[in-house]
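Have a look at it first, then read on.

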Amino acid sequence: MFVNVGLCGLPHPPQLPDMDVQYEQAAREIKRLQRCINDLVSLLALPGIWTVSNPSQILHTLLDALMRMLSLDLISVRLNNPVSEAPVEIVRLAEPRGPMPSTHEICEALSGSFADNSRKWPPLLRNVLGEGDVSIVPLPLGLQGELGIIVAATQRTDFPRQTEALLLSVAASQASIGLQEAQLRIQQKHIADELDQQVAQRTAELAAANAQLQLQVGLLQHIPVAAWTLKPDGTPDFVNQVWLEYAEQTLEFVRSHPEAWMTSVHPEDREIAERSFWEGVRSGQGFAMETRFLRARDATYRWHLNRAVVLRDAEGKVIKFVGTSTDIDDRKRAEEKLLRSEAFLSEGQRLGQVGSYSWRPATDEITWSAELYRIYEFEIGVPVTLELIRSRVHPEDLTLIEKMKMVDQAREGGHHFEWRYRLLMPDHSIKYLHAIAHATRDQDGQPEYVASVQDVTARRLAEEARDKAQSELANVARVMTLGALTASIAHEVNQPLSGIITNASACLRMLATDPPQVEGARETARRTIRDGNRMSDVITRLRALFAKKEPTIESVNLNEAVLEVIALSMVELQKNRVMLCPELADELPLIIGDRVQLQQVILNLLRNGSDAMSTVEDRRRRLLIRTERDEGDRVRLTVQDAGVGFDPQAADRLFDAFYTTKRDGMGIGLAVSRSIIEKHHGRLWGTLNDGPGAAFSFSIPRTPEGPAHADSIHNLQAPAIAGPVPREDHAKPHIAANQYQRTMDALS
Amino acid sequence: MTTESCFERSAIESILVSVVDDDESVRESLPDLLKQFGFAARAFSSAEEFLASDCVDQTRCLLLDVAMPGMTGPDLQQELIRRRQAIPIIFITADRDMIVRQRLIEQGAVKCLFKPFSDTTLLEALNSALRPK
C-alpha cells in the first residue's frame, strides 16, 4: 500500500460534504499549515542554539523536536563517522500504538535497502517487516549521506505528508550543517588546543633559548679575548666589550666607521693587515693574521692574533664572519726574547769558544752544540756518543767521565760540577777544556747533565807563556838586584874574612913570641872560628838568593826575613847615607809563602826607597821599614822613604814592567814584586806621603785562601780579591785599586 | 910582651893607632894584631865616638872604616881636616870600589886597604903612615 504524500504528516479526519464542513476543513488546513510553519521556524532556529553544542547535543535536540512535531513512533540516528564522543546511534520511541519492531529489526531490514550512495535511497519504505503498516523515511545526513542517517518511522499510513516531508528534509539539512559545524568546531578546537600547546612549548623553548643566548652574549662580551662579527661585506656588526675597552671605541662608532679598527693597527702592520683582511673577506675563507693593536689606556702596541671563520647558510651563502683577536704580546715577546737569547747564545758560544751539551746517562742521549762540534773537531751532524767522546778525551783524563756517572748514581740531581780536562786531537795536539755541569732531572725524572764547555787552550798556553816570561823576568830582576848589591855582598863576605885573617895573623904572631902568648892565641883562634861560621851563614844566604830554584812554600817569619834582607842591604844603605829605621811588630804571626821570593820584594822596596833619596841633601835620608798585623788576618809590610816620590799621573804605570824613573834601572822591580805578592794572594800598592817621599806596602793573608792557594804560587793564576783596600788618605793618589784591576785584566 | 924582647918596640909602644869601625870583629881582632906589631891600639865603633874621646890628639894613625852608620869614614876625614888634625889615615873597606879608593887617596888618605888584608900589607901601610915626611 502506498500513501499519498501530503504536506502534513498528521492523520486527518473523514471528509465532510457541507460548506461548514468545507470551511472547517479549510480552517483545519490553515491551522495545520500554521503549525507546519511554526515547526519550520523552530527547526530553522535550531542552529542558533547549536553553535556551542557538540554533535550529541545537536542530535538529541533535533530528535526531540522531530518526535514532537511529527508524532513519530520511532526516530533514530546513526552517525557513520562519529568525530568525538557522539554516540553511534540514538533512538527515540513514542508510546507504541501497536506492535513496533525494534530498532535493531528496522535497521536489519533497512540495511539491505541502502546503497552507499544516498541518492539511490528509496524515499519511503512501507511494511518491510510484514507485520502491520509502518512507514519509514530515511534521511541522509550530509550531501551523500556520508555523515550518517536519520530514520523516522510511524504506523500512520499517511506518513509522510507533504509538510512532514518538508520538515524532515529541512531538519536533515539543518542537522547536517549543524553536525558539520560542530565537527569543524571540534576540529578547530583540537587545532587550537594543539596550537596553544605548540605555542606554549615554543614559548618555553624560546625563553630557554633566550636565557642561553643571554649567557652566550654575556660570555661573548666578557671572554678574555676580543670577539667580533662582520657582515659578508666586511663591515663590523658586533664587537664585544673587551675590544671596545681595549680600543676605547663605542659599538656605534665601530659600526658607523667600518675601517675604524684599522686606525688601531700599528702603522708598520697596516698594509699586510689590510691585505689579509680583504682577501679573507672577499674569498669568503676568513683569515688569520698577527698585528699590533694600540691599547688606548697606555698607548702601547700589543701583538694580537686575529682569526675569522665564516658562517654560511644552507645554500652556502656567507652570513657572517665570526672572529677573535687574542692578545699574544707576552708570548710574542717571550718568543722574540727566546730567539734573541738563542742567537746571543750561539754567537756567544762562537765568540767565547764555549760549547754546550746535555747528557742523559739513562739513555746515553747526548745533545751537542755546534760550537762543541768545532771544539772537539767532530764532523757537524755526526751522532755524538760516549764512545766518540772517549776517543777524543786525553787518556789520562778519561776517568772523569766515569766519575760523572758515579756521582750521578750517588746523588739526587741538582748539583753543580766543574772540571778541567784535556782532549788529545788526531794530530796529537792537546786542547785544554774547562767544563761546568749542572745535574738535573729531565721531564721524565731521569738524571740529565747540562754542561757548558770552554776551550781554554789559548788561555792556558798564554798563561804558560806568561808564567815562563814572568819567571824569567823574576830571575833577571833577582840577578839585577843582587848585581847592584855586589858591594854589599863583597862587604858581607869580606868583613868576616877580614876578621878571620886578622885574627889568624895575630894568633900566629902570639904563638911566635917567646914564650908564646897562649891565652891570646886561643882567644884569636876562637874569634877566627866564629867569623868563619858567620861567613858560612852569609854564603848560604847568598846562595839562596842567587840560586834559580823552584818556589818553596813554608812558614815564614816576616820579621826574620826582613832582618836578613837588612843585613844584606846595610852596607849599600850606609853607602847611600840612608838611615834605616826598622819598626818590626812584636809577635807577628807566621805567614805561609815563599821566603826567598818575599825577601826579593823587601830587598827591592828597600833599594827603591834608597834610590829615591839618592839626590836628597836637604833632609835626612830616613828609610822606615815596618811590619804589622793587618785587617782580616793579614800581615802588612811598609817601606816608607823621604825621597822624590812619584808622579801621581804615572801612578798607574808604576807597576808596569819596564817603567822606570831611574837612569840605570830596567823598571822590572815593582812589576815582579807585584806578581810575587799576588801569587801570595796579596796586594802591593804605593802611596805618596803627606811630606816628601812615598810609601810602598804589601799586605798578604796570613794563611792561604782556598785550597788552590799553594798551587797558585806555582801556577800564577789570577789572584783572588784580597781583602779591603787599605784606608789611606784618598786625597793622595791611590794607585792600588786601579793597578790591581789592571793586573787582574792582564792575568785573566 | 917583655921589654927585653922588644926594645925598639918600647919606643913605639907609645905610638897610638886608633881603629874606627862599626864591625865588632874588626874592633876585636885589629887591636890585637896592632899590639903584636908593638903599637898601642884603641878601637871605636863610630866616628862620633872617636871624636868624643880623648884619643884624637894622641892618635898617630887612624885605621878608618869607610861605610858606617851616621858619620862615615870620609866624613870623619873631612871633619879632621876641618879641625886641622893632621892624623894619617889608612882606610879599610870591604867594598872593592877602586873609584872610591882613588877619591879617598886624592883627599889625603895614606892608604886604602880592601878587606881582607894580610898582616904584612897592614904593617907596610902603617910604616908609610908613620914615616916622617
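Let's start with a sheet in chain A: five strands form an open sheet in the order β7-β6-β10-β9-β8, with antiparallel pairing. Strands here are DSSP runs of E with at least two residues, helices are runs of H or I with at least four, and both are numbered from the N terminus. Two strands pair if DSSP finds at least two bridges between them. At the edges sit β7 (236-239) and β8 (287-295) of chain A, each pairing on one side only. On average, neighbouring strands of this sheet are turned by 25° against each other, direction ignored; axes are lines fitted to C-alpha atoms, for helices over the stretch in contact, and angles run from 0 to 180 degrees between N-to-C directions.

This is a predicted model, in which local features need pLDDT of at least 70, side-chain atom pairs count only at pLDDT 80 or more, and totals for chains, interfaces and linings use all residues. Residues are numbered from 1 along each chain as its sequence is written, while chains are lettered from A and ligands numbered from 1 in the order in which they are written.

Back to the strands. Nine bridges join β8(A) to β9 (residues 300-312) of chain A, and the two run antiparallel. β9(A) also pairs with β10(A), again antiparallel and over nine bridges.

| Hairpin | Residues between the strands | Turn residue and phi |
|---|---|---|
| β8(A) and β9(A) | four residues | A:Ala299, about 55° |
| β9(A) and β10(A) | five residues | A:Gly316, about 85° |

For some individual partners, A:Phe287 is bridged to A:Ala308 in β9(A), A:Ala288 stands opposite A:Arg307, and A:Val309 has A:Val322 in β10(A) as its bridge partner.

Helix α7 (residues 270-283) of chain A lies across β6 (226-230), β8, β9 and β10 (318-327), running at about 135° to β8(A).

Now for the two chains together. In the model, 24 residues of chain A are in contact with 20 residues of chain B (contact means C-beta atoms, placed from the backbone, within 7 Å). On chain A's side, the elements giving two or more residues are α13 (486-512), α14 (518-546) and α15 (558-575). The largest share, 17 residues, comes from α13(A).

How confident is the predictor? It gives the complex an ipTM of 0.84 and a pTM of 0.36. Over residues 1-9 of chain B, though, the pLDDT is below 50.

Terms used. Two residues are in contact if their C-beta atoms, placed from the backbone, lie within 7 Å. pLDDT is the predictor's confidence in each residue, from 0 to 100.
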